[in-house]
Amino acid sequence: MKPYAAVATVIVCFILTLPMLTTRALCRELTIMTHDSFSMSESVLKDFKKAVGADITILRSGDAGQALNKAILSKNNPMADLFFGVDNTFIGRALDNDLFITYTPKGFEDIDTSLLLDDKNRLIPVDFGDVCLNYDIKWFKAKHLAPPAGLEDLIRPAYKDLTVVQNPATSSPGLAFLLATISRFGENKYISFWQKLKANGVMVVNGWQEAYWGQFTAASKGDRPIVVSYASSPAAEVFYAEQKPDTAPTGVVIENKSAFRQIEFAGILKNSDNTDLAKKAMDFLLSKAFQEDIPLQMFVFPANTKANLPDVFLKHAKITDAPASLPPEKINRNRDKWLREWTENLLR
Amino acid sequence: MENELIIHNVSKTSATGSYVLNNINLALPRGSRLSVLGPSGCGKTTLLRMIAGLDTPNSGDILFNGVSILGLPPHKRNFGMMFQDYALFPHLDVFANIAFGLKMKGMPRQKQAPIVAEMLALTNLEGFEKRKVDELSGGERQRVALARTLAPNPRLLMLDEPLSALDRVLRKHLLDQLTQIFSRLHITTIFVTHDHEEAFAAGSQIILMNQGKIVQQGSPDNLIHHPVNDWVKSFMA
Amino acid sequence: MAPGMDGKPVAVKTRIYTHPYVLAGLVPLVFFLVFYFYPLAGIFLRSFVPDFPAHLHIDLSFLDQVAGSQRLHHIIRFTFWQAAVSTGLTLAFAFPCAFVMSHYQFKGKKFLTLSASIPFVLPAVVVAAALDASFGRNGWLGVLNIRHPLVLIFIAHVFYNFSVMLRILTSFWAGLRANVQEAAAMLGAGPFQTFIHITLPLLMPAVWAASFLVFIFCFSSFGIILILGGPAYSTIEAEIYRQAAHMFNLPVASFLSLIQIGFTLVLMGLYTAFSRKAVRFAPKGSHTNFKQPEKFWEKAAVTGNAGFIILLCLFPLAALAGKSLVHEGQLSLIYYRAIFDNPASSIFHVPPFTAIKFSFIFAGTALAIALVTGLCAALCLNHLDRTKAKGLAAFFDPLFMLPLSTSAVTLGFGIIITLDRPPLNLRTSALLVPLVHALVGFPFVLRAVLPALKNIPNNIRETAATLGASPGKIFRCIDLPLISGALTAGAVFAFTISMGEFGATIFTASPRTPTIPIAIYRFLGQPGAMNYGQAMAISTLLMAVTAAGFIIIEKISLRGIQQF
C-alpha cells in the first residue's frame, strides 16, 4: 500500500467521524456552567432532566475562579443558562459584574440562614464545606505527639516542619485557609502569624493535589502529617478505601475558629434564552434529591437543612460549630492586597 | 625498481559471507601510474578504501615502503584520495578547502597561501579563493577536489572515478588536464574507473577486476590484444 | 485540500501568486486568522481598550503595575534563565546519544527511540508523579536525595525535550555524508580534528535549530513549573495563568502574553533562519549505512547510550507503571479493576475505554487538520521560497510557529469572547478541542515537511512537467511520495501532542467527551488512596496507548520517522 494513500484514508475516516461529535439533541436543552469539581450521580441527573423537562448539558470550565471568569467574559452572550459554583470568596466579583438575575427558588426556606449572603437572592447557597487542617492520626500516635488543636499550635517548636499548605494565589482551599488566619488573627496581625509559620518550616505548594498526594503522610510518601484540606476529607478517605476501615485514617482541626467555611452558590445567568428552564433547575438544586446526592459526589455538605446525610458522613465528617468567617465585600476589596502581602512575605 | 606499495593476499568478506575482495596481490613501483578498471560492484572502490585505511581487510597485508600500514589510521598515512563525488567541505570556501590538509599539518597561514596559490594555478582556478563551493560548477568542483588532494603533497594519490559525475565533453577535457598534471608530478597514482578509455589514458599499468578478483593485469596493449578470457574481451569491446 | 490536487492539467505557466501551491497557503492562513489571531485580537482589545467600541480610550494604567513590580522582573529573568539552562542540559545529554543513534545499528534501537518519545506526550501532572516515583523520598532512586525544585524542573525539562533534540540531531547527523569526514581523514585530520573542523561546523545549523525549539518549549513551560517548581518559581506562562485565571487581571495577563509572543517571534525568526541553513547542508536522500558496534569503545558507547535513555526516559515511566501495580506493598491489579467501577455512580465517572476512544478521536481529528493545514503551508512556503517571494516566506514562517508558545489561558479567553456566534459558535463545541490541538500540532507538521520539500531538487519537478505531468500529478507522484516520511514524523508529533494535551481539553471539556488526561485529573482531584492508584493506572494506560499510536503511524508509512 502506498503510504500517502493510507494517510489519506485515515484523514477521510476522521473527517467522517466529525459530525458524530457535533450532533446535538433536537429537544430543548439547559446548560449549566460549573467548575471541575462538580459532580452528581446518574440517577439524580435523570430526575433532574425530568424535573426541568429538558436535556441537560454540564459545562465544566476549569477551577472555580476560571469558570467564573469565563462567565464574566461571555456575559453578553452567555454560554450557559445557570451557573453553579460561585463561592463566598468570589461572590463579590460575581455580583459586581452583574451576572445573575433575582430568583427565589422553592425550598429556599429550608436553607441554613447563616449561609445566605446575597439579600437580593441572585445567588443562592447550595452547599458548603469547611476548609481546615487535616492530620495523620497514625503518625501522631507513633510519635506520641498530640495532634494540633488550633492554628496557634502550628507555630510551636514541637510542630516544626510538619505542615504543608497551598498557595492562596493558585488554590481555593489555600485561599480559604489564608482567610481563616485573617479572620482568626485579624487583618494586621495575620502576617506575623505566617512569618512565624514560615520560621517553623511550613511548606507551601501550588495546589491541593500536590499537598495531599505529594506531601501528606497519610496519603503519600511525603513527610508532612498536617495538611490543609476539607473537614469532609476523612469521610472520603473511608469511602474510597479498598477495605472500609472503622475509623478514618485522618483527623480534622475545626475548633477555635480554625476552619473557614466555603459556601457555594448557584444563580441564573442574565441574557439566558432558557430562564424558565433555569428556574426549574434552581428549584431542583435545592430539592432533597439533589441535596442528598451532594455529600458523596462532591464531599461537601448540603445547604438544605432537611437533607439527610449518608452514613459515612455522619460517622466520619465533621461540621464546624463556629467557623471562621469574613464578610464577602471585605474579601472582595482586599483579596489582591492580602495575596500580595502573603506572596511577598512567604515566597521571598 | 623497488616496489613502494605491496598488497599481499588481501581478502574481504561481506556480512553475508561472500567475497568483496578475493585474494588480491599487487605490487606498485614508486612513481608508477596504475588504473583499476572494472564494472561497478567489482570491488575496486573497496580496494582503494583499504589502501587509504578507510576499510580493513579480513586477511592479508598492505605494505608501504616495506612496512605494514594496516595498523596506521588513515590520517597518519599521508595518502591523498579524491572521492567520486569530491566530498568538498560545504561550510568552507575554496581556499579553506584546499588549505585544509596543510592546516592539519600545523602549517601557519602565511605558508599555506603560496601552496594554495600554486595548486590553484596547477588546476586553472586562479582567483577562486573566496568562492563558496556550492556556487561552483561540476568541473570546477572536480578541480578544487584535486587541488585539495594534492596540496599536502601526499605519498600516494588515489582517485575514485574522478570524472564520472561530469558530462562527456568536460570529461574528455579534464582527463587531458589530469594526465598532464600526473606527468608533471612524480607521484604514485591509482586511478579507479569503469571506463577503459579513461583507464588507458590515466595509467601505464591496468588491472581489470571482476567479482572481487583481479582478472587480468598488464599494459593497455596487453589487455586489448591478449584478453585472458571471453569476459575480458567483451568488457573491452 | 490543496488546489492542484484535483488533477486538472494546468498547461500555461501560472503566475507566482495564482500558482496552486500559493493558493494552498490560504488554507493555513485562514485557519490561523480565524482560530488564532482573531481570538487573540479579541482578548487584547478587551484588555487594553476596555470600553471598546463606545470609547477608544487605551487603558495603560496596568503599565505602572508591571514596571514597578520586582516580582515580574524576576519572573521574566527566571523564565529566560531556566530555559537556557534546560536547553543546555538537554543538548549536553542528547548530543552524545545522537552520535550513537546516528552511527550504529544495534538490538533494541527502535525500542529506545520509542521510549524516548513517550515522555513528550505525558501531561505535566503525570510527569511529576513519574519523577516522584523515581526520585521522590521513597522512590526507586530516593537515596540520591534529589529534592530541590530547580533540579527537578531541569530533570523534567530534559525528560520532556530529550526526544525532540535527539530526533533532530540524529537525523541530521546520520545524513551527513561520511565521505566528507573521510576526506578530512585523508587530508591528515585525526578523529578529534575532524570532529572540530568538519563534523561540528556542519552539525551547527541542526544544533541551533534543535536548541531554539527546545528553548521555546522550556520558555513557555507551564505545568512542570507550577507543580514541580512550587510557588517560589514562576515563568511568564505560569504568571499569565495566575493573572488571568485567578486574579482576573486581564491587562497584565495580556501584556505578558504580548511579551511572550514577541520573544517567541524573535526566537522563531532565528530558528527558521538556522533551519534554512540546515536544509542547505542537508544530504540529498542518502541512505545511511549504520555500523555494528565492534571495537570496545563503540560497544561501550552504545551501552552507555542505551543505559542513559533507559535511566532518563524508561526508568521514571517504569516507576510510574510500578506504582500502579503495587497495592499496599503487594503486586496487584486492583487499581486497573477499579477504574471500571463507579462507586459514587457519578455522571462524570470516566470509563477507561470511553476516555481512550475520545482521546483517539480527538487526536485523530487534530492530526488530520494539522496534516492538511501543515502540508498546505509547507507547499506554499516552499514555493514562495523558490520563486522571488523569499521575503514573504521568511515573514510567514516564524508566524506559523507562534501557537507553540502562546498561553492557553489567553487564547482560551479570547475564543470565549470572539468565537461566540454562529456560524462560529465554537465555545461549547466538541470540535474546539481538536481545533486547538491542531493549532499546536500544525507547526510540527510544517517543520517536518518543509525541509523535506526543500530537499526535492526542482529539476525533478521540471522533468516531470516536461513529461506532461500536471501540477496535481506532480504533487501526487513526485512530492507526496518523497515527503511521506517527513509527513509521518509530523503526524506522530501532532498526534502525541493531542493525546497528552490537557489545558485546552479541560477548558472545553464536555462530560460527554472525556479524554485520558481528563480522567487522570479527575482521579487526582479527590482524596482516597484508591483514587491515586487509579490515576497511576490510567497514566500507565496513556503511555501504552501513546506507544501504540506511534507504532500504528510508523506502520502506515514504512519510511520511518527519522526525518524530523
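The secondary structure of chain A comprises 14 helices and eleven strands, where helices (H or I, at least four residues) and strands (E, at least two) are DSSP runs numbered from the N terminus. The model is predicted: local features require a pLDDT of at least 70, side-chain atom pairs count only at pLDDT 80 or more, and totals for chains, interfaces and linings use all residues. Residues are numbered from 1 along each chain as its sequence is written, while chains are lettered from A and ligands numbered from 1 in the order in which they are written.

Along the principal axes, the C-alpha atoms of chain A fill a box of roughly 65 × 65 × 45 Å. Of the 348 residues of chain A, 55% count as buried. A residue is buried if 20 or more other C-beta atoms lie within 10 Å of its own, exposed if 12 or fewer, and partly exposed in between, with C-beta atoms placed from the backbone. Among contacts in chain A between residues at least 6 apart in sequence, 76% join residues at least 24 apart, a contact being two residues whose C-beta atoms, placed from the backbone, lie within 7 Å.

In chain B, B:His173 lies in helix α5 (residues 168-184). B:His173 counts as partly exposed because it has 13 C-beta neighbours inside 10 Å. A distance of 9.7 Å separates the C-alpha atoms of B:His173 and B:Gly139, which are 34 residues apart along the chain.

Chain C is divided into domain 1 (1-36 + 338-564) and domain 2 (70-332), with bounds from an automatic or database domain assignment. Their contact takes 36 residues from domain 1 of chain C and 43 residues from domain 2 of chain C. On the side of domain 1 of chain C that touches domain 2 of chain C, α23(C) gives the most, with ten residues.

Chain C averages a pLDDT (the predictor's confidence in each residue, from 0 to 100) of 80, and 88% of its residues score at least 70. Within chain C, confidence is lowest in helix α21 (residues 503-508), at a mean of 67, and highest in helix α4 (residues 70-103), at 92. For the complex, the predictor gives an ipTM of 0.88 and a pTM of 0.80.
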